[in-house]
Amino acid sequence: MDVTRANFSSLLPVIRQSIADCNFIAIDSEFTGLTAGAEEEYSLFDTPASRYSKLRESVQKFTVCQIGITTFTNDHWKNKFTATPFNCYVFPHEFDQFDERFSVQSSSFAFLCNHEFDFNKFIYDGIPYLTSEQEAIFRQGLEAEDEDTRKALEAHLTEAIGFSHVFKMLVEAGKPIVGHNMLMDLMFFFDKFHKPLPESYTAFKEKLHQLFPIIIDNKHVTACTKQTLYPPAEHLLRTSTLDALNTALSSKRCLDIALMIPSIQLHESCQRYEEARHHEAGYDSFITGKVLILVCHLKARQSMLPVDTEPTSWVKICRMIDGYFNQINMIRCSVQYLYLPGPDPNSCRPTWLTMERRSGTGKLSQSEVVELLRNYGSLDVEILKPSTCVVALATRNMAENVLEDFRNHPDFAVSEYSSSWLPSATTLASLGFGGVAVTLAVYYCPESIRPMLPW
């Protein structure tokens with residue numbers, strides 16, 4: 001159901017009760033933009049900390065315009081989950097001294113237009129919100145007012161807090177929060193409804209984990225589960241996009257493979273999501289929770305006999321995937337996931353490669369290297385000095401193939417990365433690579449080799 005400023009106060013008790021009664025909550029969001037600039041584009045050179053810094057720049061620049069929250073309640077004995085989606089339009093209305101400024105990315109607005117996003121509801125009827133810090137600042141000003149004035153201002157404050165009431169409910173409930181590739185959703189939630197994102201990546205992880213003790217990233221769970229399944233079940237998870245996963249897991253093929261699939265029914269007030277509404281946050285949050293249930297059911301059935309009739313309950317799901325709790329998927333990064341309660345995993349990527357013109361003369365450009373290596377797969381390139389670059393590749397097989405194919409190349413020498421390739425900071429600056437190359441050497445460099453750097 002759509003939740004706007006007009007009906008928010010009447011639906012807030014319904015949302016509160018739905019959160020209190022459910023087993024888990026799935027979330028999704030739509031934003032006014034994704035990347036603040038070219039410097040914030042994702043790269044295989046990114047460490048978790050550098051990726052966080054990039055995303056923090058974007059989150060602080062843009063705002064969230066639609067939030068989907070779907071509660072899922074399990075009836076174990078009926079082998080059924082009931083889903084109640086809430087599709088919330090939010091907008092940072094001016095309140096007292098707070099008048100938020102935010103940017104718009106044209107490609108993001110075009111994307112929303114293509115999926116019939118209602119901009120009138122966003123701007124005219126979006127639910128307001130305040131961070132906890134803004135609320136505290138306003139409350140301090142109430143102390144100087146008389147009782148009648150204070151009561152009137154408190155009423156205005158309650159309305160201005162708006163969607164942040166729901167955020168507080170999610171925190172207080174302590175229920176598992178499920179998303180699909182959800183790091184940016186979590187960062188927007190933190191920054192817009194709680195407090196400004198901390199500069200420190202480690203501080204962010206600690207504070208987010210305190211707010212939400214159990215977070216489940218559906219994309220990460222699916223990728224890990226896929227590796228444990230046998231064909232033909234494994235074939236159903238060959239894609240990682242939410243819509244494609246939903247299609248595969250709702251197919252007759254899935255029904256034939258996995259017996260006793262739980263019934264996932266929409267609450268009677270939310271029947272419009274029987275039809276697909278791709279990239280509407282409420283619908284996508286519903287599909288996110290649905291996909292998690294079905295992926296876990298595939299995993300459960302693999303270890304059961306065909307005659308077994310034990311339903312896939314929420315308790316069973318938690319037991320199967322508790323090893324993935326609080327592991328947040330990372331796309332195109334040096335690690336596959338970040339781990340909220342402690343240290344992140346070691347890099348899953350191969351050693352960087354360096355490419356150099358054998359002649360030692362003539363500049364190398366990023367576009368030239370990308371064209372040379374395009375057929376090997378996903379890669380990123382940074383220029384180290386005029387005739388030398390460093391290349392980050394997605395998989396070890398890719399790196400091995402490049403090394404083998406370029407072993408006797410007449411024009412280019414390719415080898416595994418070594419810190420000896422790095423010139424001094426002074427030389428970098430004199431060559432005009434102060435911005436890009438220093439960032440590469442210091443900011444993107446994996447922590448394991450930072451002590452090897454010459455400065």
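Which residues does L298 touch, not counting residues up to four places away in sequence? In this predicted model, L298 is in contact with L229, A233, L236, L237, L249, C254, I257 and A258.

V402 belongs to helix α16 (residues 396-405), where M398, A399 and V402 are buried. These three residues lie on the same side of α16 because they cover an arc of only 100 degrees around the axis. In general, an α-helix has 3.6 residues a turn, so residues three or four places apart point the same way. The face of α16 turned away from the buried side carries N397 and E400, both of which are exposed. Packing of the buried α16 residues is against the strands β10 (353-357), β12 (388-393) and β13 (412-416), together with helix α15 (366-373).

The largest pocket has a volume of about 970 Å³. It is lined by 30 residues, of which F31, L34, H180, N181 and I331 are the closest to its centre. At least two lining residues are supplied by each of β2 (24-31), α2 (48-61), α3 (106-114), α8 (183-193) and α11 (242-249).

Methods
Residues numbered from 1 in each chain as written. Predicted model: local features only at pLDDT ≥ 70, side-chain atom pairs only at ≥ 80, totals over all residues. Heavy atoms only, no water. Buried < 20%, exposed > 50% of the residue type's maximum accessible area, 1.4 Å probe, protein only. Helix = DSSP H or I, 4+ residues; strand = E, 2+ residues; numbered from the N terminus. Arc of directions from axis to C-beta. Contact = heavy atoms within 4.5 Å. 1 Å grid on protein atoms, 1.4 Å probe; cavity = no way out; pocket = protein on both sides within 12 Å on 5 of 7 lines; lining within 4 Å. Points joined across faces, edges and corners; volume = space filled by probe spheres on them.
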